[in-house]
Amino acid sequence: MTEQHRILDADIIMVTSFQDADPMGVVYHGNYFRYFEEARRILMEKIAYSYHDMMASGYMWPIIDTRVKYVKPIPFNHQIRITATLTEWENRLRVDYVIYDAESGVRMTKAHTMQVAVGIEDGEMCFVSPKAFTDKVETWHAGTE
């Protein structure tokens with residue numbers, strides 16, 4: 001029997017900036033990662049595993065893989081909603097993202113990032129996510145809304 005979990009996600013609303021746009025007035029593709037990062041930061045804070053908590057637990061979490069599907073161009077001065085969802089955590093951290101037009105709800109981008117734990121002291125990659133992280137996820141899943 002498969003154990004069911006609540007969906008662990010976070011939403012943020014942002015307005016794209018002029019400096020994020022290319023000369024054609026649409027958000028430059030490299031800037032999407034800043035939006036993903038902000039949504040991921042809020043997601044990790046939701047389970048009390050912020051960047052400071054990561055460092056205090058003795059691990060850093062570099063990104064090892066990413067994929068982005070640019071569905072619709074995002075213009076500057078445009079309100080967007082970014083959703084970050086934790087979809088894997090036992091052996092690596094995978095976060096899936098969707099960027100929506102905040103007003104219409106139309107999907108504009110979908111993506112994911114994968115990260116692994118690396119010990120700060122020894123620089124060694126962990127093949128299983130550290131207990132300091134998985135305990136935070138499991139504690140969140142065990143909670144009630």
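This report covers the fold, aromatic pairs, loops and salt bridges of one predicted protein model.

## Basis

The model is predicted, so local features need pLDDT of at least 70 and side-chain atom pairs count only at pLDDT 80 or more, while totals for chains, interfaces and linings use all residues. Residues are numbered from 1 along each chain as its sequence is written, and side-chain values use heavy atoms, with hydrogens and water left out.

## Overall architecture

The protein chain has three helices and seven strands. Helices (H or I, at least four residues) and strands (E, at least two) are DSSP runs, numbered from the N terminus. Read from that end, the order is β-α-α-β-β-β-β-β-β-α. Along the principal axes, the C-alpha atoms fill a box of roughly 45 × 35 × 25 Å.

The chain counts 145 residues, and 39% of them are buried. Buried means under 20% relative accessible area, exposed over 50%, and partly exposed in between (1.4 Å probe, protein chains only). A contact requires heavy atoms within 4.5 Å. Among contacts with a separation of 6 or more, 67% come from residues 24 or more positions apart.

## Surface and charge

The accessible surface is about 8,600 Å². Carbon and sulfur atoms hold 54% of that surface. Areas come from the Shrake-Rupley method with a 1.4 Å probe; for residues, only the protein chains shown count as cover.

There are 15 positive and 21 negative side chains. Lys and Arg count as positive and Asp and Glu as negative; His and the chain ends are not counted. Each charge is placed at NZ of Lys, CZ of Arg, CG of Asp or CD of Glu. The centres of the two sets lie 6 Å apart.

## Aromatic pairs

The structure holds eight aromatic pairs. Rings of Phe, Tyr and Trp (its six-membered ring) pair if their centres lie within 6.5 Å; planes under 30 degrees apart are stacked, over 60 edge-to-face, and the rest tilted. One of the pairs joins Phe-18 and Phe-76, edge-to-face, at 5.3 Å centre to centre with 90° between the planes. Phe-18 sits in the loop between strand S1 (9-15) and H1, and Phe-76 in the loop between strand S3 (63-70) and strand S4 (79-88), so the pair ties together parts 58 residues apart in sequence. Phe-18 is exposed at 64% relative accessibility. Phe-76 is partly exposed at 35%.

Phe-33 and Phe-36 also form an edge-to-face pair, with 5.6 Å between centres and 85° between planes. They are three residues apart in helix H1, and therefore separated by about one helical turn. Phe-33 is partly exposed at 32%, whereas Phe-36 is buried at 1%. Ring pairs also link Tyr-32, Tyr-35 and Tyr-70 into a cluster.

## Loop residues

Ala-48 and Ser-50 belong to the loop between H1 and H2. Ala-48 is not a glycine, yet its phi is positive, about 60°. Its relative accessibility of 38% makes Ala-48 partly exposed. Ser-50 is buried at 16%. Beyond neighbours within four places in sequence, Ser-50 is in contact with Met-44 and Glu-45.

Asn-77 lies in the loop between S3 and S4. Its phi is positive too, near 60°. Asn-77 is exposed, at 60% relative accessible area.

Gly-25 is in the loop between S1 and H1. It is buried at 17%. Leaving aside neighbours within four places in sequence, Gly-25 is in contact with Pro-75 and Phe-76. Gly-25 and Pro-73 are 48 residues apart in sequence, with 9.6 Å from C-alpha to C-alpha.

## Salt bridges

The whole structure contains nine salt bridges. The criterion is a side-chain nitrogen of Lys or Arg within 4 Å of a carboxyl oxygen of Asp or Glu. Arg-34 and Asp-20 meet at 2.8 Å, N to O. This pair links distant parts of the chain: Arg-34 is in helix H1 and Asp-20 in the loop between S1 and H1, 14 residues apart. Arg-34 is partly exposed at 42%; Asp-20 is buried at 3%.

Glu-88 and Arg-92 form a salt bridge at 2.6 Å, N to O. Glu-88 is partly exposed at 24%, and Arg-92 is partly exposed at 31%. Lys-131 and Asp-135 form another, at 3.1 Å, N to O. These two are four residues apart in helix H3 (residues 131-142), about one helical turn. Lys-131 is exposed at 59%, while Asp-135 is partly exposed at 35%. Salt bridges with shared partners join Glu-38, Arg-41 and Glu-45 into one network.
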